[in-house]
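Visitor: I have a protein structure here and would like to learn how to read it. Could you walk me through some of its features?
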Amino acid sequence: MAENIIVSVNPKPSNGLSSKLLDLVERVVVKLMHDASLPLHYLSGNFAPVREETPPVKDLPVVHGFLPECLNGEFVRVGPNPKFDPVAGYHWFDGDGMIHGVRIKDGKATYVSRYVKTSRLKQEEFFGAAKFMKIGDLKGFIGLLMVYLQQLRTKLKVLDGSYGHGTANTALVYHDGKLLALSEADKPYVVKVLEDGDLQTLGLMDYDKRLTHSFTAHPKVDPTTGEMFTFGYSQTPPYVTYRVISKDGIMHDPVPITISEPVMMHDFAITETYAIFMDLPMNFRPKEMVKEKKMVYSFDPTKKARFGVLPRYAKDELMIRWFELPNCFIFHNANAWEEEDEVVLITCRLENPDLDMVSGNVKEKLENFSNELYEMRFNMKTGSASQKKLSASAVDFPRINESYTGKKQRYVYGTILDSIAKVTGIIKFDLHAEAETGKTKLEVGGNIKGIYDLGQGRFGSEAVFVPSEAGKEDDGYLIFFVHDENTGKSCVNVIDAKTMSAEPVAVVDLPHRVPYGFHAFFVTEEQLQQQTLA
C-alpha cells in the first residue's frame with residue numbers, strides 16, 4: 001500500500017566555499033563566546049558515547065539464572081550517542097540516536113549496537129564533523145548566532161534540510177509491522193530487526209506525504225484496536241497537531257489543537273474514548289534566551305497547568321475540554337483511563353524544572369528534578385480537576401503492562417532517580433493500595449510493593465515489562481541495562497515483576513559498556529517475524 005512506503009534517506013550536503021566560510025565564522029563565534037575550559041557533564045563518565053557500532057556478538061555469558069521463553073525477541077533501548085564532538089555546547093538531548101539491542105532466543109543472547117542512520121548523521125559523516133545546531137548552544141546571544149548559522153547552512157545548501165534534522169535518539173515503538181525510532185522534532189525512522197539481532201535503518205515514514213509536522217517520541221498504540229495515536233508540536237501555529245493512524249498504517253487528517261503559545265509537550269495519553277494533551281508552561285522563549293541568557297525553553301512557575309481532553313476520533317478541536325491544576329511540568333505519563341464521569345491520568349509530576357540542568361558542565365546531582373507519581377482526575381460532567389500525590393521523589397520512566405494502555409490498570413513500574421539520569425533502582429507501585437503519607441523517601445510499604453535496588457555505584461535504565469503466559473497483570477519480567485561504575489562493565493538484568501525479588505531471574509554480561517540513555521522497548525518474537533510482511 002502507498003501509505004506504507006518507507007522514504008529512502010539520501011541527503012545531498014555540499015562541502016564548497018560557502019561551507020568553509022561558514023565554518024570559519026562559526027569558529028570565530030565559538031572562540032569569542034564559548035567557554036571551552038569546563039568539562040561537559042553529558043559527555044563524561046558513562047554518559048560519554050561509544051563511537052563505534054558493535055555488530056552482533058553471539059552467545060553472551062548468562063552469568064546468573066536463565067532467560068525465560070517469553071523473552072524470545074529483542075530488547076532495544078535508544079539514547080543519545082554523538083558520533084562527533086560538539087563545536088560548542090552540548091545538551092543530553094543532542095546526541096545521535098544509537099540503539100543497543102539484546103536478541104534473545106531459546107535461552108541464548110546476542111548483543112548489537114547500531115546508529116539510527118538519520119539524515120543528520122549521514123550529513124555529519126559526509127563532513128566528518130558536527131554541523132547541525134545543538135540544543136546545548138541555544139542559550140544567550142551565542143544561541144541566536146547558532147540559529148542564524150544553521151539557517152544559512154540550509155539556505156546555501158551546505159546542509160540538506162529536506163529529510164528533517166532529528167536524531168531519533170529518544171524512544172522506540174512498534175506499529176504496523178515496523179519498529180520506529182523517534183525524536184520529537186522529526187518524523188519516525190524505520191529500523192528493521194534482523195533474525196540474528198542486527199539492526200538496519202530502512203528510512204523514514206511520512207505516511208504517504210500526509211505527515212508534514214514533527215511526531216512525538218511517545219505515541220500510544222491501542223492494544224485492542226491496533227491504532228496508533230500521536231501528535232507533533234511546533235514553534236509556529238498550529239502549536240500542536242493531533243493524528244490518528246489506523247491499524248494498517250493509514251494516517252487520518254490532522255486535528256490542530258489551539259494553545260496560547262508554543263510549549264514543549266513531550267508526552268500525552270489516551271483512554272478508550274479520549275486523548276489527553278498537556279499544555280504545561282515550559283515555554284519557547286527565544287527573546288528571553290538572548291536577553292536573560294536562559295535556555296530557549298524556560299519554565300514559567302506563575303502559570304497553571306492545563307490539560308485538554310478530546311474525544312479521540314474528533315475531526316476538529318471543538319469538543320476539547322480544558323482543565324486546570326496547580327503549576328507543574330510532566331515528562332512522562334504512565335497511563336490513563338475512564339472511571340464513570342472522570343478521566344484518570346497516572347503521571348510523573350515535577351515542579352520548577354530547569355532544562356539547563358541537563359546541559360553544560362559536570363554536576364554531581366540535579367536538584368531541580370524531583371519527579372513524583374501523581375493521580376490526576378478530570379470530571380467531564382462538572383469540569384472540576386483534582387490531583388493526589390502517590391509517592392515521594394524521584395520517580396520517572398513509568399511503564400505498565402502495555403496490554404492495559406488506555407484501560408484501568410493496577411501496577412506501575414518506574415525508575416528511582418538520584419538525578420535526572422542516574423537510575424538507582426526499579427520500583428513497583430500498586431494503585432489499589434493507599435500511599436503512605438508524610439514519606440520523604442521511597443521505601444516498601446503502602447502502595448510501594450517492591451524496590452529492586454541496584455547497589456552502590458551501579459545504575460540502570462528504563463525497565464520494560466514483558467508479560468509471561470500466566471495472564472495476570474503483573475505476571476512477567478522487567479528487563480533493563482545496568483552499568484557498574486566500579487568496574488566499568490555493563491550487563492542486562494531480568495527481574496520478576498510480580499515478586500520484585502532482589503534475586504535477579506537472569507544477568508547477562510555485555511561485551512562493552514552501554515552508556516546511559518532514554519527509552520526502551522521489547523520487540524516480541526511474533527513482531528520480529530511479522531516485519532517481513534510489512
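Guide: Gladly! Keep in mind that this is a predicted model.

Visitor: Which residue forms a salt bridge with Asp484?

Guide: First, the general idea: side chains of opposite charge can pair when their charged atoms come close. Here the partner of Asp484 is Arg458, and their closest N and O atoms are 3.8 Å apart. Asp484 belongs to strand E30 (residues 476–484) and Arg458 to strand E28 (residues 458–460), so this pair ties together parts that are 26 residues apart in sequence. Arg458 is partly exposed, with a relative accessible area of 22%.

Visitor: How many salt bridges does the structure have?

Guide: The count comes to 35 salt bridges. One of them joins Lys105 to Glu525, with 3.4 Å between the closest N and O atoms. That pair links distant parts of the chain, 420 residues apart: Lys105 is in strand E4 (residues 97–105), while Glu525 is in helix H5 (residues 525–530).

Visitor: Are Lys105 and Glu525 buried or partly exposed?

Guide: Lys105 is partly exposed, at a relative accessible area of 32%. Glu525 has 18% relative accessibility; the cut-off for buried is under 20%, and Glu525 therefore counts as buried.

Visitor: Which residues are linked in a network of salt bridges?

Guide: Glu339, Glu342, Glu375, Arg377 and Lys408 form such a network.

Visitor: Now, how do I read a strand?

Guide: Now look at strand E26 (residues 423–430): seven of its eight residues are buried, so the strand is largely enclosed by the rest of the structure. Strand E25 (residues 411–417) runs antiparallel to E26 and is joined to it by seven bridges. Within that pairing, Tyr413 has Lys428 in E26 as its bridge partner. E26 also runs antiparallel to strand E27 (residues 448–453), with five bridges between them, and Phe429 stands opposite Ile448 in E27.

Visitor: Which strands are at the edges of the open sheet of four strands?

Guide: The order in that sheet is E10-E11-E12-E13, with antiparallel pairing. Its edge strands are E10 (220–221) and E13, each pairing on one side only. Two bridges join E10 to strand E11 (residues 228–233), where Phe229 stands opposite Lys220.

Visitor: And how many disulfides are there?

Guide: In general, a disulfide is a covalent bond between the sulfur atoms of two cysteines. A search of the whole structure finds zero. For Cys70, the nearest cysteine sulfur belongs to Cys491 and is 19 Å away. Cys70 counts as buried, at 19% relative accessibility. For Cys348, the nearest cysteine sulfur is that of Cys328, 11 Å away. Cys348 is buried too, at 0% relative accessibility.

Methods. Residues numbered from 1 in each chain as written. Predicted model: local features only at pLDDT ≥ 70, side-chain atom pairs only at ≥ 80, totals over all residues. Heavy atoms only, no water. Salt bridge = Lys/Arg side-chain N within 4 Å of Asp/Glu carboxyl O. Buried < 20%, exposed > 50% of the residue type's maximum accessible area, 1.4 Å probe, protein only. Pairing = 2+ DSSP bridges. Disulfide = S-S within 2.5 Å.
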